[in-house]
Structures are given as C-alpha cells and as structure tokens.
Amino acid sequence: MAGKIIGIGIGPGDPELITIKALKALKTADVICVPKSRLEKTSMALSTIKHILEEREKYPEVIELIFPMIRDESELKRLWNKNAEIVADKVKKGDTLAFVTLGDPFFYSTFIYLYHRLKEMYPEIELEIIPGITSLTACSASSKIPLAEKNETVVIIPYNIGSKQIEEMAKYADNLVFMKGTKHIKDLVPILERVGFTKNSTIIFAKRCTMPEEKVIVGKLSDVQNWDICEDYFSMTVIKRSYFQNNRE
Ligand SMILES: C[S@@+](CC[C@H](N)C(=O)[O-])C[C@H]1O[C@@H](n2cnc3c(N)ncnc32)[C@H](O)[C@@H]1O
C-alpha cells in the first residue's frame with residue numbers, strides 16, 4: 001500500500017509550540033525528513049524535535065536532505081529533483097514520511113521546493129500539510145506588540161528585494177515585516193521616512209524568538225542608528241507606522 005508525505009510545521013523554535021497534530025504525526029511517521037542548507041551543519045528542525053523521536057519505542061529512520069542557499073537555478077533544480085526522488089522511493093514502499101520545517105511549511109519554507117517538485121514528478125503521491133505557528137506570530141508574541149489591529153494592513157517583505165520595491169510597498173502599508181535576516185535594518189529608516197513613517201514609528205527587532213537565545217528590542221525609528229545588531233538569519237524586523245506605547249520603555 002502506498003504511504004504519504006506530511007509537511008509538518010513545528011513552530012518557531014520552542015518545542016512547546018509544536019501542535020498536538022504535529023506531535024502525533026512525529027510519533028507515528030515511519031521516516032522523518034529534515035532540511036539542511038549544508039552537509040556539515042546541524043539541522044535546527046531536528047534539534048527541536050529530537051526529544052519526541054527519542055521517546056518513541058524505536059527511533060525512526062531520519063533522512064537529512066540538503067537544500068543549499070545558492071543561486072544557480074539549474075543546480076538547484078537538479079538537487080530538488082534528487083530530494084524528491086529520495087522521498088518518493090520511501091513512500092512507494094509504503095512508508096509515511098514526515099518532512100519537518102520550522103514555523104509553517106507553507107510560509108517561506110524549504111518544504112515548498114520539495115512540494116512543487118513532488119506535485120510535478122509524482123502527482124499520484126498523497127500529500128498532507130500540518131500547519132505550524134509561524135515566526136511572524138512568535139515575534140509578535142515575544143515583543144508583546146500586536147502585529148495588526150483594527151483595519152491595519154501588514155506587508156511581509158523578504159530583505160533581499162530592492163529598496164525601490166520596498167519604498168513602493170511601504171507607501172500603502174501600516175505595518176511592515178522584514179524577513180530573512182537583519183543586514184539592512186539601518187538603511188530602511190530613510191526609505192520609510194520618505195513614505196510617511198516618522199521618527200516615532202515603532203520598530204521591533206526580533207532574533208531567535210521563543211528559542212533560548214531570543215533577543216527582542218523595541219524602540220522608535222529614530223533609535224535604530226544606535227542599536228547594536230549582529231546579522232543573524234533567524235531574525236526579523238517589524239515596523240509599525242504608528243507609535244505603540246508599551247511598557248518596555
Ligand atoms: C525561510 S524563512 C522560514 C519561515 C518559517 N517557515 C515560518 O513559518 O516562520 C526563515 C526566516 O524566518 C524568520 N524566522 C524564522 N524563525 C525565527 C525565529 N524564531 N525568530 C525570528 N525570526 C525567525 C527569519 O526572518 C528567517 O530568516
């Protein structure tokens with residue numbers, strides 16, 4: 001009998017933020033599959049769920065698949081196809097395979113690359129998605145500042161898009177979320193001031209939310225030039241057009 005592939009979101013890092021549905025799937029799946037960007041790196045997703053696997057009567061088979069952060073489209077496609085073949089072979093043997101991702105599997109996740117390849121190459125394979133708590137909502141919770149209220153609009157922007165595009169999108173948004181690193185946080189200030197954000201607009205820097213190394217800084221746009229921030233991929237910036245009175249000040 002054919003198995004299936006379950007894309008599982010395991011939340012932003014705190015193991016207690018794994019849903020009951022994800023937990024059940026992790027306790028029963030025949031094969032656990034985790035993504036890594038490089039062979040020598042340890043998988044953050046695997047570290048987050050290791051305790052669940054260790055509690056199982058028999059530790060399941062774990063496959064670590066490499067999804068490198070490179071730009072060569074043809075090499076990427078070759079690797080994604082190879083990964084799709086690896087998981088499809090397991091499923092054809094009747095295994096249920098759980099592909100584990102941090103946050104939610106359909107929100108900027110590695111799983112999406114695999115999902116597209118599987119849909120095209122193996123349309124007969126059953127796919128299930130278990131949503132997870134996203135880093136976005138975790139950031140909001142950690143900072144104790146709502147992501148959106150009343151009629152506020154939110155625009156989510158990956159940091160690596162150009163400043164012109166950022167400016168265009170910021171014109172119409174109340175709240176902006178910058179994902180995938182921190183590098184350009186200080187460069188954002190003049191861009192946003194051009195489209196009506198003020199020195200009093202609220203800015204939140206959130207690193208490794210809900211993880212032991214969590215760091216959250218809340219301030220006003222005018223404070224940012226004095227912030228000491230190191231680049232960390234697991235970080236995001238949220239900027240609210242309005243001033244948000246909070247008890248951190
Ligand atoms: C490839 S995306 C994955 C998003 C994930 N699937 C989700 O649902 O949250 C990676 C980006 O998510 C953000 N991120 C992930 N985990 C985070 C955390 N615990 N704290 C802050 N930002 C996080 C960072 O901006 C990071 O660069």
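Is Met69 buried or exposed, and at what relative accessibility? I began with this residue and found that Met69 counts as exposed because its relative accessibility is 62%, where exposed means over 50% relative accessible area, buried under 20% and partly exposed in between, with a 1.4 Å probe and protein chains only.

Before going on, I noted that this is a predicted model, in which local features need pLDDT of at least 70 and side-chain atom pairs count only at pLDDT 80 or more, while totals for chains, interfaces and linings use all residues. Residues are numbered from 1 along each chain as its sequence is written, and side-chain values use heavy atoms, with hydrogens and water left out.

**Entry: the surface patch.** I placed Met69 in the loop between strand S3 (61-66) and helix H3 (73-92); helices (H or I, at least four residues) and strands (E, at least two) are DSSP runs numbered from the N terminus. Together with Tyr233 and Phe234, Met69 forms a nonpolar surface patch with about 320 Å² of accessible area. Such patches take residues with over 30% relative accessible area and no salt bridge, nonpolar side chains (Val, Leu, Ile, Met, Phe, Trp, Tyr) being joined within 5 Å and like charges within 9 Å; a salt bridge is a side-chain nitrogen of Lys or Arg within 4 Å of a carboxyl oxygen of Asp or Glu. The areas come from the Shrake-Rupley method with a 1.4 Å probe, and for residues only the protein chains shown count as cover.

**Entry: aromatic pairs.** I looked up rings of Phe, Tyr and Trp (its six-membered ring) with centres within 6.5 Å, calling planes under 30 degrees apart stacked, over 60 edge-to-face and the rest tilted, and the count came to 9 aromatic pairs. Phe67 and Phe99 pair edge-to-face, at 5.9 Å centre to centre and 90° between the planes. Phe67 lies in the loop between S3 and H3 and Phe99 in strand S4 (residues 96-101), so this pair ties together parts that are 32 residues apart in sequence.

**Entry: the ligand.** I found 20 residues surrounding the ligand, the closest being Asp104, Phe107, Ser135, Tyr233 and Ser235, with near taken as a heavy atom within 4 Å. A ligand nitrogen atom is 2.7 Å from a polar backbone atom of Phe107, and a ligand oxygen atom is 2.7 Å from a polar backbone atom of Ser235. The ligand taken alone exposes 570 Å², of which the protein buries 94%.

Technical notes. A polar contact is a pair of N or O atoms within 3.5 Å; within protein, one must be able to donate a hydrogen and the other to accept it, and residues adjacent in sequence count only if both atoms are side-chain atoms.
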